[in-house]
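Hello,

Here is the structure we talked about handing over. Please open it alongside this message; my notes follow below.

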Amino acid sequence: MRALFVGILSLTIISSCSLISVKPQVRNLQTRIQDFPNSDIPLTGKAELLWNEYQVPFIKADNDQDAALLLGMVHAHLRLGQIYLFREVVNHRLASHLGPLATRIDHSLMAMGVFDAVDSIAIRLEPNERQWIQAFVDGLNLYQTRMKTMPLELKALNISPSPWDISDILKMGRLISADVNWFNWLGALKLEDEDKWKQYWNEIGSQPGGTILSSGNYTGKELLASLMNGMAKTGSNALVIGPSRSETGSALMASDPHLGMNLPNMWLLAGYQCPSYHVVGMMFPGLPAVLVGRNPHISFSGTNMRSASSDLIELSPDQIAKLRVVEKRIVVRGWLDKKIKLRYSDWGPVVSDAPLFRDKGRVIALRWVGHQPSNEIGAALKMNQATNWQEFRASFADYAVSGQNFLYADTDNHIGLVPAVKIPVRAYERPASITVKSSHPEQMWQGCLSPLDLPYLLDPEDAYIASANNQPLKAATPLGFAFSSDDRVQRMDEVIKATDKIGLKELMDLHPDTVIPSARLAAGWFVSKLSDFATSDKDDPATGVIAALKDWDGDYRIESKAPVVYELLLYYSAKEYYTAKYGKKLANRILGMDTLSELLISDLSSDPNGAKDALYNALKKGWKRQARFASWGAMHRYNASHYFGMIPLIGKRYRFGNYPVDGSSNSLMKTAHTRGDKKHNASYGACSRFVTDIGDMDANYFVLLGGQDGWLGSPGLTNQIPLWQKGDYMRLPLRWEAIQARFPYRVQFND
């Protein structure tokens, strides 16, 4: 998303002087709450809206329609500028605001058919779901007519507010359900022409983790991946503790979803109580359901499954001859409109025509489960209402994308996991390459399994369930082909098994945990091998590295120097070794893998000569480079910035601090970054946290990286950063009496 705004906004907005003339309008907390419209609100019953000191709202209404209406108004009040940007993306209107360069994004999303099923999805909404979503949309529209001034984003992009409808909401729901495999393919398709591609794929690319790019490791042609990876549900840690391991005797849950670390945050917090819902938790701006949180009976959270929900299909000549063609037009600001042709095969849209998937030599179609209708928002609404395990699992009957491992705990002290995904049945355990051939029927899907067809986990013997994008439950067909490193789930296992009882404090302490088990093991391996290079010279690089890593526990604390030494040694060793083995382009791809340390140690252990050369050269480069960084925090940073902060000249208005930050790409406190030898900013990771004791309706703790408010000029944009840095939380109760005690600001609605 940041790359998108650097490349496009810098040219378009600066040239039109929009942002030069429009400056953030400062608003304090009291003013922001007073800005919420309170007159001529068409409520049909009694309703109350309370805010806490961090602008977290709680709505209590006598009927569902009023609750959903106020919820839509709350989303608009807090995040209208952000939601509008999402809306322009999903309606292929970026170029109409940003100019010619943005046509690449609009064209590519059209060609991928991300939103093609929305009309069919709308038809299958149940009446109560449609009514809830429509009332939410009515709230968005009502807020627009009542707001006193437009958010800066709309002013800067010259967006005139226009009415919302249900299809906008359903499209945004589809956008956040993007398939994580697309991000991998964007880079990998260009590499299949490399001389050593087949060797690379057979040795690395077909192994778990072998096709995952770490966050930020994108080229200039992969802006779409940067955009969608920052918005889609692609990461997360989640943990549920059964009563026998719990200090309180009740089931406990902890969750920290991973998304782009942008401002405003990709989550907002809210609670509401009405006849059909009584929930508190995390919501995506513009979507009317809680995705991580709890109700009085159950708690729920999810992690991305890395599911294999898509295939790229290389079409044969006879299939190419049968393609259907549809003409579309992209409106372009300050330029001629662009006419494009979209082609469709029997399996799905042709993506090799799209600018970001361009392949001149082949015609490639995208087959995605999400091209068919399903009902993820309806599933979330059912989950919000569930009171027991049976209702919780049944809520996912019509869920398809993106694949999620949903964790569960209830007041009867059951814990469980449901794999929420509609997964294709394939005849192979692992693909032969990135693309499959339309001329090979044995490579085509043989039907699909729904979430209710898949195995689940309920009350396991270990009395806890940990999930961190690792390989999920085994099923009759592969659920995925490339999973995250096991580091985060292993670290949760280590901490849990080290004590008999786990309490809320221990769960809270897990969120900012920065120990990486694979780094600890790899550092030990490096120390054992570097003794061959060590001399008595006090300035000898090998001696210095051994001293730095000998007793290192794999902890990426900001004050520690060892992570700097280790990361540089790992980077230079891998770059030297894999460039020699596969060439520069494939080596750069391997450097983006989160399983790099395990892969490298395995390869170097079986290739002594290659290991000697790689380590010798890496030692000299790494030891020289480490002198530039006094500690990990000097190298590893968090840049608290709005998207506009990346614009030259005036961007400083939208930057709110650059901080040293703990953790790394594989730690529980995920602060993912591009692997390299320079100072870097974490761009993706643990942007929100949630801990609850299911036995206490008011023991619910949350924090966001940034804050609740998307208004540029409001303290609520950044005022939770100190909480996040210190590992602190705010308490968001469910009982109305407790809410009234902790939420001091009340909106009075006038007739």
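Buried means under 20% relative accessible area, exposed means over 50%, and partly exposed is in between. By that scale C448 is partly exposed, because its relative accessible area is 33%. C274 comes out at 9% relative accessibility, so C274 counts as buried. The structure holds zero disulfides. Keep in mind that this is a predicted model.

**The core**

Nonpolar side chains tend to be buried together in soluble globular proteins. The largest nonpolar core here has 240 residues. Which members touch the most others? They are I169, F392, L549, Y566 and Y578. Helix α4, residues 64–90, gives this core its largest share, with 16 residues.

Y578 deserves a look on screen. Leave aside its neighbours within four places in sequence. Y578 is then in contact with I204, G583, A587 and I590 among others. L596, L599, L600 and D603 are also on its contact list.

Next, go to β26, residues 688–693. Six of its six residues are buried. Both faces are covered. S688, F690 and T692 are buried on one side. R689, V691 and D693 are buried on the other.

Strands of a sheet pair through backbone hydrogen bonds, either parallel or antiparallel. Which way do β4 and β26 run? They run antiparallel, joined by four bridges. Strand β4 covers residues 252–256, and its S255 stands opposite F690 in β26. Strand β27, residues 700–704, also runs antiparallel to β26, with five bridges between the two. There, S688 stands opposite L704. β26 and β27 form a hairpin, with six residues between them.

**A three-stranded sheet**

Last, an open sheet. Three strands form it in the order β13-β10-β17, and the pairing is mixed. The edge strands are β13 (364–368) and β17 (435–437), and each pairs on one side only. From one strand to the next, the twist averages 40 degrees. Strand β10, residues 310–314, pairs with β17 in the parallel sense over three bridges. I313 stands opposite V436 in β17.

Best wishes

Definitions and conventions:
Residues numbered from 1 in each chain as written. Predicted model: local features only at pLDDT ≥ 70, side-chain atom pairs only at ≥ 80, totals over all residues. Heavy atoms only, no water. Core = buried A, V, L, I, M, F, W, Y, C linked by side-chain atoms within 4.5 Å. Buried < 20%, exposed > 50% of the residue type's maximum accessible area, 1.4 Å probe, protein only. Contact = heavy atoms within 4.5 Å. Pairing = 2+ DSSP bridges. Disulfide = S-S within 2.5 Å. Axes fitted to C-alpha atoms, helices over the stretch in contact; angles between N-to-C directions.
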